[in-house]
Amino acid sequence: MQSEWKFTSKDIAEKPDLFMSGHRACAGCGATTVLRLLMKATRGPTIVTTATGCMQIVSSMYPYTSWAVPWVHTAFENVAANAAGIEAAIKIMKKKGRVKHSHVDVIAIAGDGGTYDIGLQALSGAMERGHDFLFVLYDNEAYMNTGIQRSGGTPLGAATTTSPAGTVVPGKLETKKPITEIMAAHEIPYVATASPYYWRDLIIKTRRGLEVEGPAFLHVFAPCPRGWRTDTAKSMELAKLAVETCVFPLWECINGEYQLSAPSKAIALSPEKKKPVREYLQLQGRFRHLFTPKFEKLIDEIQKITDQRWQRLLKKCGVSASKT
Amino acid sequence: MSEKSWKEISIGAVCWKPSTALLTGDWRTYTPVRDPAKCTRCLLCAIYCPDGAIHWKPERNDIEFDYNYCKGCGICANECPTKAIEMKLL
Ligand SMILES: Cc1ncc(C[n+]2csc(CCOP(=O)(O)OP(=O)(O)O)c2C)c(N)n1
Ligand code: SF4
Ligand code: SF4
Ligand code: SF4
Ligand SMILES: [Mg+2]
């Protein structure tokens, strides 16, 4: 199932944008880079459906659309059910000879709110029923479109409007839900994490998710300057640092077998390359309160949890636990 | 009142015009300006730009900024390996 597709940066730059310019995302929005790259990985006729959230809103200012492919907006909680319906319809139309293409790819896109929280049961059901589509979670770690509310994907210590940092509470009190592992536990053919900084890896993984027969789940890290209180120029740098600190490691799980992807594998092999979480946190206004004497200890806690999760992942990937 | 069949109902919220008609360049404060002498045409800027505002022109073997859409985020300047792009207040 490994894709034979070889491409250069020129091939990617030359391919027309299927997620087009003129969208209304904030300057420096990481999720829009994700969508551009995602659509560069398509292999033919493709139908996209998105749950509500920033990427739906910014790409469909009535009567304008940023999608150069058939695109269906759906409610917040049911994008996976929608994709399942589209896939089933194509299957039967193919049988009846009404669809002549050898394959029509279906991509469902949702934010963290639409995936970790409200869309989870539709997603779990569609994966369990084995529908052949790619579900893409762009994770900007809060409900951004409605004003930065915390979600199951918001990390520990992040200030959001519903987990504000105050004099007593240091931002969100709970850790990030391990959604990708939850999807891997569905034992579907393809599950992976990706970061737009590692654009080649993201494109390859998208293509694999499209090529595989059956459900695929891709979890993509998507820095959000508006909600993270970060410099608009730093979105790709943050997408890199999240990987380098092992806050967001890159891996694949193919038919239940875990394996590290190259950027994270390099860290596993040379643990001295692993950066402290502090370097990632300090660039972001949503963690600003952690750099005060009152809440400083939480940085150690975040480091500890990051290390524990990293070690657990190494074990799953069959890499012997390192010293870091 | 007789009910309408679905074929008679008018088409609802269909977005049919490409968003390329919306010129987001007027959001920009700082403008990326590239020094062609420093640029290696690696295309990283074109790949990372969230707004698809940097185009590859194979016939000229060069990139071109599309200031109709560039929002001035500075990602291209931040990621350019040779520091060929400077964000300027024009
Ligand atoms: C059932 C329902 N509840 C609430 C909303 C309002 N709503 C629209 S977008 C959104 C936030 C989406 O968050 P997320 O999925 O993380 O995407 P993001 O906006 O962060 O990209 C909310 C709460 C809605 N549209 N439908
Ligand atoms: S709020 Fe964040 S995710 Fe939404 S458009 Fe702005 S930068 Fe992108
Ligand atoms: S990233 Fe820099 S060197 Fe590479 S093409 Fe863009 S301007 Fe040129
Ligand atoms: S400043 Fe931002 S929007 Fe403008 S060309 Fe550079 S990356 Fe694209
Ligand atoms: Mg979100």
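A residue is called buried here when its relative accessible area is under 20%, exposed when that area is over 50%, and partly exposed in between, with a 1.4 Å probe and protein chains only. Tyr198(A), at a relative accessible area of 18%, is therefore buried. The model is a predicted one, in which local features need pLDDT of at least 70 and side-chain atom pairs count only at pLDDT 80 or more, while totals for chains, interfaces and linings use all residues. Residues are numbered from 1 along each chain as its sequence is written, chains are lettered from A and ligands numbered from 1 in the order in which they are written, and side-chain values use heavy atoms, with hydrogens and water left out.

Next come the pockets. On a 1 Å grid over the protein atoms alone, a pocket is an open set of points with protein on both sides within 12 Å along at least five of seven lines, where a 1.4 Å probe fits, and lining residues have an atom within 4 Å of a point. Grid points are joined across faces, edges and corners, and a volume is the space filled by probe spheres set on the points. The largest pocket holds about 580 Å³ of space. Its lining has 29 residues, and those nearest the centre are Lys176(A), Cys246(A), Val247(A), Pro249(A) and Arg309(A). Helix α13(A) gives the largest share of this lining, eight residues; α7, α12 (277-281) and α13 (297-316) of chain A each supply at least two. By class, the lining of the largest pocket has 17 nonpolar, five polar and seven charged residues. In this count Ala, Val, Leu, Ile, Met, Phe, Trp, Tyr, Cys and Pro are nonpolar, Asp, Glu, Lys and Arg are charged, and the others, Gly among them, are polar.

The second largest pocket has a volume of about 320 Å³. It is lined by 17 residues, with Glu87(A), Lys94(A), His103(A), Val104(A) and Asp132(A) closest to its centre. Here the largest share, four residues, comes from α4(A), and the lining of this second pocket comprises seven nonpolar, two polar and eight charged residues.

Rings of Phe, Tyr and Trp (its six-membered ring) pair if their centres lie within 6.5 Å; planes under 30 degrees apart count as stacked, over 60 as edge-to-face and the rest as tilted. Over all chains there are 14 aromatic pairs. One of them, Phe135(A) with Phe217(A), is stacked, at 5.7 Å centre to centre and 15 degrees between the planes. This pair joins strand β5 to strand β7 (residues 216-221) of chain A across 82 residues, and both of its members, Phe135(A) and Phe217(A), are buried. Tyr197(A) and Tyr198(A) form an edge-to-face pair, with 5.0 Å between centres and 85 degrees between planes. Ring pairs also link Phe221(A), Trp228(A), Phe248(A) and Tyr280(A) into a cluster. The charged end of Arg286(A) sits over the ring of Trp228(A), 3.9 Å from its centre; such a contact needs NZ of Lys or CZ of Arg within 6 Å of the ring centre and within 35 degrees of the ring normal.

Some backbone details complete the picture. Most residues other than glycine have a negative phi, and most peptide bonds are trans. A cis peptide bond, with omega about 0 degrees, joins Tyr62(A) and Pro63(A). Glu187(A), not a glycine, has a positive phi of about 55 degrees, and is exposed, with a relative accessible area of 65%.
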